[in-house]
Structure formats: structure tokens, C-alpha cells
Amino acid sequence: MRHKSILHKIVKEGKSPAFAYEFQSLLFKEMALSGFFDNCNSLAALVVANGSTVAVTDSMLKRRQQLGLPQLSGVNQMEIKKIAEKTGIKLRLREEKR
Amino acid sequence: MIPSRFPQFEASSLKVLAELGIRLERIDGWTCCPEPLSMQTVSKETWYSVAARNISLAEEKGLDILTLCNGCNETLFEVNKELKANEKLRQEVNRNLKEIGRTFKGKISVKSILRVLYEDIGLEAIKKHVKAPLKKSKIALHYGCHIFPELEDFDDLKNPQSFKELVNALGGEVVTYPSEMTCCAAFARPISEDVSLDFVREKLEDMSAAGAECIVVLCPYCFLQLDLGQVILSRKLGRSFGIPVFYLSQLLGLAMGFSPREMGLDFHTVKAHDFARRMEPV
């Protein structure tokens with residue numbers, strides 16, 4: 001874990017945490033390039049398709065009820081899809097899947 | 001993520017903020033912020049545009065945005081700030097929003113719950129609401145790295161005080177530990193669980209060595225890592241840390257006299273009731 005020891009050195013030497021954060025972002029990208037981009041594409045595709053990266057389960061709907069929270073309001077998915085089309089993200093995601 | 005995975009943080013925040021005089025309104029049609037790291041990696045233009053759409057929904061209602069998640073805060077705070085400052089970028093994003101009949105105007109602000117509590121409500125006002133102080137309990141703070149862009153805007157990033165002062169105002173004693181400002185590594189989990197958990201293990205060992213009796217977080221992903229992560233680590237290492245994790249509004253609510261049930265402690269993986277029971281009202 002060469003990256004981790006470098007990171008800890010940076011943090012322990014009192015450099016800016018923002019700098020450490022930038023470093024960690026790079027670390028995650030570097031340590032698993034293929035996995036990282038696949039994961040990014042999946043999450044982005046979920047936002048475009050559902051408006052959220054997390055599916056709402058029945059148990060969570062029940063939990064919301066137990067906590068006295070209202071039901072979740074619907075998302076205007078057409079708007080997100082239009083933005084995705086306009087910015088070309090949909091096309092890129094399709095290409096990634098091939 | 002909070003509404004569909006950790007609604008207890010939404011419920012505790014609504015209760016606590018209402019008691020402190022902050023009225024929250026829901027915005028219909030809201031989507032994922034979107035999550036900062038993945039969407040920016042795939043398409044920065046889409047990241048700006050989806051976030052700007054969310055901001056425009058709040059603008060239409062004339063409301064500022066309060067975020068409960070560090071990831072949401074980073075996206076919405078950064079996009080709001082950049083689009084306000086960069087006219088060319090704002091025009092480009094507004095061309096995309098025109099397709100759906102919306103416009104980013106740049107008229108509102110985006111703040112985390114930490115900033116609202118610290119700046120808008122203030123420590124003195126919060127102290128007046130404390131009915132069950134933390135009795136010098138030793139508390140480890142975990143900031144979470146996505147809060148740093150906003151933290152830099154209102155605190156000293158090299159030596160931040162706001163979170164610490166807030167927990168001190170509740171009667172807690174904040175402990176410092178070497179890995180305090182490092183990432184929880186939640187994003188690495190789908191790629192390498194071992195690497196991700198290694199960050200968690202190191203943090204928990206540091207917190208434990210510092211004598212922490214509980215952990216306070218500002219982000220649901222960090223909560224997941226540190227709460228569920230403890231159970232996974234105990235299976236893998238055979239070592240139980242047993243340090244309960246609280247989201248900020250839960251700890252604040254307990255100090256304000258709300259019950260553990262009202263604050264949603266029943267849904268934690270590492271049981272937090274023993275810690276909560278020690279905070280008896282005075």
C-alpha cells in the first residue's frame with residue numbers, strides 16, 4: 001500500500017486536508033482504473049434512469065412511515081433524460097456498454 | 001441517499017431544526033444532487049446541468065438549500081458558486097436547462113447543516129436548548145472529505161473549529177486522532193472492499209486509542225462506512241470496536257432532550273442506546 005503510506009505522511013505533516021482529498025481521489029482512480037470507471041458509469045446511469053443512485057425499498061418506505069415522514073415525491077424523469085440527451089451522456093453510456 | 005436509505009437522519013434533522021426555529025420545505029421533483037465523483041467523471045457538463053436544475057427548483061420557490069449529506073453539499077455548493085461566478089459557464093448550462101423550460105438565476109445559497117447550526121443559529125442559541133448535556137463524553141469527529149470545499153468557505157481548513165465548537169456546546173469533549181481528516185473510503189468499497197475497510201480500520205483504531213466513546217459524522221456514506229464497517233471488520237478481524245456512530249442532528253437532538261426513538265437510534269448497526277441513556281436530562 002504505497003499510496004496509503006504517502007497519504008498518511010501528507011496528513012501527518014499537516015498539509016491541507018483539501019490537498020489530501022485531491023490525493024485520495026487520484027488514489028482511487030489510479031488503484032482500480034477499470035473498476036472505477038465502470039462504477040461511475042453505473043451510478044450516472046442510475047441517476048439518468050431513476051433520478052437516484054439508491055432504489056427505494058418497501059422496508060425503507062415502512063421506515064419512513066414509522067418515523068412520521070411523508071412518502072417520497074415523484075421525479076420528473078423526462079427532464080433528466082432531456083438534459084442527458086443534450087449533454088451527450090446517454091450516448092456515452094450506451095457506447096460504454098458495447 | 002438519505003430519504004431512501006437513512007430516513008432517520010431526515011426525521012431527526014426536521015425535528016431538531018424545527019425546535020431551533022428553522023422551517024424546512026420539501027421540493028417536489030428533486031433528483032439525486034448528482035453524486036459528485038462519479039457524475040463528474042462521466043460528464044462534467046451533465047453534473048453542472050442536473051445540479052443547476054435542482055437549484056432552479058429551489059429558486060422558483062425562493063428558498064435557500066440546506067444539505068444533510070456531504071456529497072450533496074459538495075455538488076450543490078460548488079455548482080452554485082461556480083455558476084454564479086462564471087458567466088460563460090452559466091450561459092452554457094442555461095442552454096441545457098432551456099430544453100426543459102428552466103433557468104439557473106444564481107439567487108440562493110447552499111449550506112450544510114453544520115454551517116446553518118454554526119452560523120445562522122449560533123452556539124449560544126443552541127446551548128439554550130440543551131437539556132441533556134453530553135457530560136464530557138469523549139467524542140471523535142469525522143468530517144468527511146466532501147465537506148471541505150464548503151468548510152474552506154467559512155472555517156479554517158487546516159484547523160477547523162466549527163464542528164468542534166458545536167459538539168463542545170452540547171457538553172461533549174472532542175478527542176483528536178491522527179486520521180481525523182482522512183476519507184472514510186466509501187467510494188472505494190465497490191472497487192476494493194479490502195482497501196476501503198483498511199481506511200475504516202485505521203480510523204477506528206485511532207479513535208479507540210484516543211478514548212472515543214462515540215463518533216459524530218456529517219454524511220450518510222461516512223455513517224455507513226463507520227457503522228456497518230465495524231460489523232464487517234469484527235467478522236474479518238475478530239475484533240469488536242463497539243463505538244456508536246451518530247449523525248450530527250441525532251446527537252444534537254439527544255442533547256436537546258429528544259428520545260433515542262425519536263432520533264431513530266433503533267436503526268443503527270452498532271447499538272447506540274447505552275450511550276444515549278447516559279445523557280439524562282438535567
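# Reading the terms in a predicted model

Visitor: Which residues of helix H7 of chain B are buried?

Guide: In this predicted model, Ile113(B), Leu114(B), Arg115(B), Leu117(B) and Tyr118(B) are buried in helix H7, which covers residues 113-121. A residue is called buried if 20 or more other C-beta atoms lie within 10 Å of its own. Just after H7(B) comes Gly122(B), with a positive phi of about 90°.

Visitor: What makes Lys135(B) buried or exposed?

Guide: The count of other C-beta atoms within 10 Å is 12 for Lys135(B). A residue with 12 or fewer is exposed, so Lys135(B) is exposed. Its place is the loop between helix H8 (123-129) and strand S3 (138-142) of chain B. Lys135(B) is not a glycine, yet its phi is positive, near 50°.

Visitor: And why is Ala185(B) called buried or exposed?

Guide: Ala185(B) has 26 other C-beta atoms within 10 Å. The cut-off for a buried residue is 20 or more, and therefore Ala185(B) is buried. Ala185(B) sits in the loop between strand S4 (173-175) and H11 of chain B. Its phi is positive too, at about 65°, although Ala185(B) is not a glycine.

Visitor: How do you know whether H11(B) and H12(B) are roughly parallel or roughly perpendicular to each other?

Guide: The axes of helix H11 (residues 193-209) and helix H12 (residues 220-237) of chain B cross at roughly 95° and come within 10 Å. Angles of 65 to 115 degrees count as roughly perpendicular, so that is the term for H11(B) and H12(B).

Visitor: Which residues of H11(B) and H12(B) meet?

Guide: From H11(B) they are Leu197(B), Val200(B), Arg201(B) and Leu204(B). Their partners in H12(B) are Gln225(B), Leu226(B), Gly229(B), Gln230(B), Ile232(B) and Leu233(B). By class, this contact has six nonpolar, three polar and one charged residues.

Visitor: Which residues touch the most other members of the largest nonpolar core?

Guide: Val216(B) and Val217(B) do, in a core of 102 residues. Helix H4 (residues 44-61) of chain B gives the most to this core, seven residues. Apart from neighbours within four places in sequence, Val216(B) is in contact with Ile139(B), Leu141(B), Val167(B), Phe246(B), Leu248(B) and Leu251(B).

Visitor: What are the domains of chain B?

Guide: The domain assignment gives domain 1 (26-62 + 65-108) and domain 2 (123-277). Their C-alpha centres lie 29 Å apart. Nine residues of domain 1 and ten residues of domain 2 of chain B take part in their contact. On the domain 1 side, H5(B) has the largest share, six residues.

Visitor: How many helices and strands does chain A have?

Guide: Chain A has six helices and zero strands. Of its 98 residues, 29% count as buried.

Visitor: How many residues does the contact take from chain A and from chain B?

Guide: There are 45 from chain A and 46 from chain B. H3(A) supplies the largest share of the chain A side, nine residues. That side divides into 25 nonpolar, 13 polar and seven charged residues.

Methods:
Residues are numbered from 1 along each chain as its sequence is written. Chains are lettered from A and ligands numbered from 1 in the order in which they are written. This is a predicted model: local features need pLDDT of at least 70, side-chain atom pairs count only at pLDDT 80 or more; totals for chains, interfaces and linings use all residues. Domain bounds come from an automatic or database domain assignment. Two residues are in contact if their C-beta atoms, placed from the backbone, lie within 7 Å. Helices (H or I, at least four residues) and strands (E, at least two) are DSSP runs, numbered from the N terminus. Ala, Val, Leu, Ile, Met, Phe, Trp, Tyr, Cys and Pro count as nonpolar, Asp, Glu, Lys and Arg as charged, and the others, Gly among them, as polar. Axes are lines fitted to C-alpha atoms, for helices over the stretch in contact, and angles run from 0 to 180 degrees between N-to-C directions. Angles under 35 degrees count as roughly parallel, over 145 as roughly antiparallel, 65 to 115 as roughly perpendicular and the rest as oblique. A nonpolar core is a set of buried Ala, Val, Leu, Ile, Met, Phe, Trp, Tyr and Cys residues joined through C-beta atoms within 7 Å.
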